[in-house]
Amino acid sequence: MEASTTTVTVGRSGLERPAASRLPDQAVKWGLSGLAAAILILIVYFFIRLIGESHNVFSQYGLSFIFGNDWDVNHNIYHGAAMLVGTLVTSAIALVIGVPVAVAAAVYVNELCPRRLRQPLSILVDLLAAVPSVVYGLWGVFVLAPKLLGPEKWFASTFSFIPWIGGGTPTLYNYFLAGLILAIMLLPIVSAISREVIATVPAEHKEAALALGATRWEMIRMAVLPYSRAGITGGAMLGLGRALGETIAVFLVIGAAPTIGAHLFSQGNTFAAVIAAEFGEAQGIHISALFAAGLVLFVLTLIVNVIARWFVARGSHGTRGTGATGMTIAPSEGS
Amino acid sequence: MSISATSLPQVSARRRWNDKIMRGALLAATVVALIPLILIVYFLLKRGLSAWTSSGFFTTDPTGSFFGNPGGIRSAILGSLLMVVLASVIAIPVGIGVALYLTEYGRDSWFANLVRYFVDVMTGVPSIMFGLFIYIVLVTAHVGGGFTAWKGSVALSLLMIPIVVRSAEVVLLLVPGSLREAALALGAPRWRVITKVVLPTAAPGLVTGSLLAVARGMGETAPLLFTVTFAFGLTYNLGTLMNSLPVEIFNDIQSPRSAIVTRAWGAGLTLVAIVLLLNVIARFIASRSRRA
């Protein structure tokens, strides 16, 4: 044993590169490691700076910055409950509308549609992700908002018995409109991840279900969906993270109200939208309040993303997810 | 997969109906998912093309005068391209570098996994946060002036880096280990293996991922609002304010004048056309390299 070790050592030293030619190797190694470390440092540094910049707002308002219901720039009152509620309500609407459609489209593309159509359909749904958010805003302001106002009025008066949803008078820009546009924006993300997760369902599971006499739908319900549930949940959470932080499109169609809206079709505000709206002319404590809004948003999206990653990791069944970022490289994974 | 029904008892009518209805519902959902895209493209073409055909749309800058000729979008297009090129020059090497660290050196070490996790977290950070970050670190600190174009590029690059890293890592992992081992066995040092074997093999995939990141950066408004703001005139100086397509659209949407809103549609069509073109090129390269 010992003898063989010595021979190896002797043999290696004969072949060993001179120190000078090993230098670039070390440089590349440490250079790349440094680059990776810089990413970590950058995020941590940003977090610390953000806390520092918004510190005086939290020391002045405490928790009422988040839960107080009045945002009045003229009187220097910064209580962001309207933004918190607006952020959560619009994102919830987006999830309720967007996720079922996205998952159903993913199931259809993977399990039911003719093989020829699979890739074109995937690409078309993915293309929604390529539309910039300002273009969604443009479309929302000049097409969707005026066209939806009539149906919204009809809906609110017909279902006036449902609290919060019906009864009020819809405004041109409102929670529902913002939520609907967010739903469209998170559709490609949730759909792409769902497609990937569904593609990992083992063929044996599906064939077993079919062999036992299940119809196609029963096969989907009993074999495909349970297997991919965790991954789909993770995808929905990633979509939620996106919806929480979406700025420009929401800013254009939310209406910038200083207090919590009375019903589904009333104006509201979100953290991201208020930053975009007021950043230009903000000074002093006002700008700190906007940074504080940014901090709350940052923490909110971080929490959602951490939970989402956990679900996606659990749902990918040991394989490292490729397109968990919502940016699939390959248009379709095949089956 | 289908089994001849003759030898088996019939599936009950209720289950058959259920199957039909649910299949129909899934198909309907897929159609619903496609409607927004169709509508957006339709309205962009309908309202944007009339702006495209107006004289001087691509050859003049926005004038900024409210009553007179609103002008075109030349400075917005060139400004966007310029800033995104600088952002790509930063983000693509850094992103591929980090991905190389993850696949070639870090692998499954705790540090590599930590980096992977942080990169994932970065993809989920709203784009407005990168704008705020650069505003705090570079704009308020007056590093080389207040609002400048290169700071917008830095903000965009922060947004693009995680996209490049994620896609590059996937592609680099696809390079067969045997290729690396063969090169190492022939005595090549690690960095030569990376530059001569790993990167060339993965090149098409790296280009695809980078182009998708560029497309993403191209359409972002929020990071630019906080770092570059806006300018009417054309400039090639990255140390000054600069116009860009997303910010131009953002401002024009809020104008009460219909001629300026029409310009927003034209600019929107231009932006979507550029982003789609980048996407199509990326997919084309991806599909060609898969076939080869």
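**Architecture and interface of the predicted two-chain complex**

From the N terminus on, the elements of chain A follow the order α-α-α-β-β-α-α-α-α-α-α-α-α-α, that is, twelve helices and two strands, where helices (H or I, at least four residues) and strands (E, at least two) are DSSP runs numbered from the N terminus. The structure is a predicted model, in which local features need a pLDDT of at least 70 and side-chain atom pairs count only at pLDDT 80 or more, whereas totals for chains, interfaces and linings use all residues. Residues are numbered from 1 along each chain as its sequence is written, and chains are lettered from A and ligands numbered from 1 in the order in which they are written.

The predictor assigns the complex an ipTM of 0.91 and a pTM of 0.90. In terms of pLDDT, the predictor's confidence in each residue on a scale from 0 to 100, chain B averages 91, with 96% of its residues scoring at least 70, while chain A has a mean of 86, with 90% of its residues reaching 70 or more. Within chain A, confidence is lowest in helix H1 (residues 2-15), at a mean of 50, and highest in helix H4 (residues 81-112), at 95. The pLDDT is below 50 over residues 1-11 of chain A, a stretch that has zero contacts in the model beyond near neighbours in sequence, two residues being in contact if their C-beta atoms, placed from the backbone, lie within 7 Å. Residues 318-335 of chain A also have a pLDDT below 50, but this stretch has 44 contacts beyond near neighbours in sequence. Where pLDDT is low, the predicted coordinates should not be read in detail.

The two strands of chain A, S1 (residues 69-72) and S2 (residues 77-80), pair in the antiparallel sense over four bridges, pairing being assigned if DSSP finds at least two bridges between two strands. In this arrangement A:Asn69 stands opposite A:Gly80 in S2(A). S1(A) and S2(A) form a hairpin with four residues between them, and A:Asn76 in the turn has a positive phi of about 55°.

Chain B, by contrast, has ten helices and zero strands. Among contacts with a separation of 6 or more, residues 24 or more positions apart account for 74% in chain B and for 77% in chain A.

At the interface, 72 residues of chain A are in contact with 77 residues of chain B. Helix H2 (residues 19-61) of chain A gives the most to the side of chain A that touches chain B, with 15 residues. By class, this side has 51 nonpolar, 14 polar and seven charged residues, with Ala, Val, Leu, Ile, Met, Phe, Trp, Tyr, Cys and Pro counted as nonpolar, Asp, Glu, Lys and Arg as charged, and the others, Gly among them, as polar.

Buried residues make up 49% of the 335 residues in chain A, and 49% of the 292 residues of chain B likewise count as buried, a residue being buried if 20 or more other C-beta atoms, placed from the backbone, lie within 10 Å of its own. The largest nonpolar core has 191 residues, and those with the most contacts inside it are A:Ala105, A:Ile181, A:Val253, A:Ala276, B:Val98 and B:Val164; such a core is a set of buried Ala, Val, Leu, Ile, Met, Phe, Trp, Tyr and Cys residues joined through C-beta atoms within 7 Å. Helix H7 (residues 175-199) of chain A gives the most to this core, with 18 residues. Not counting residues up to four places away in sequence, B:Val98 touches A:Leu35, A:Ala36, A:Ile39, B:Val115 and B:Val165.

Definitions and conventions. Buried ≥ 20, exposed ≤ 12 C-beta atoms within 10 Å, placed from the backbone.
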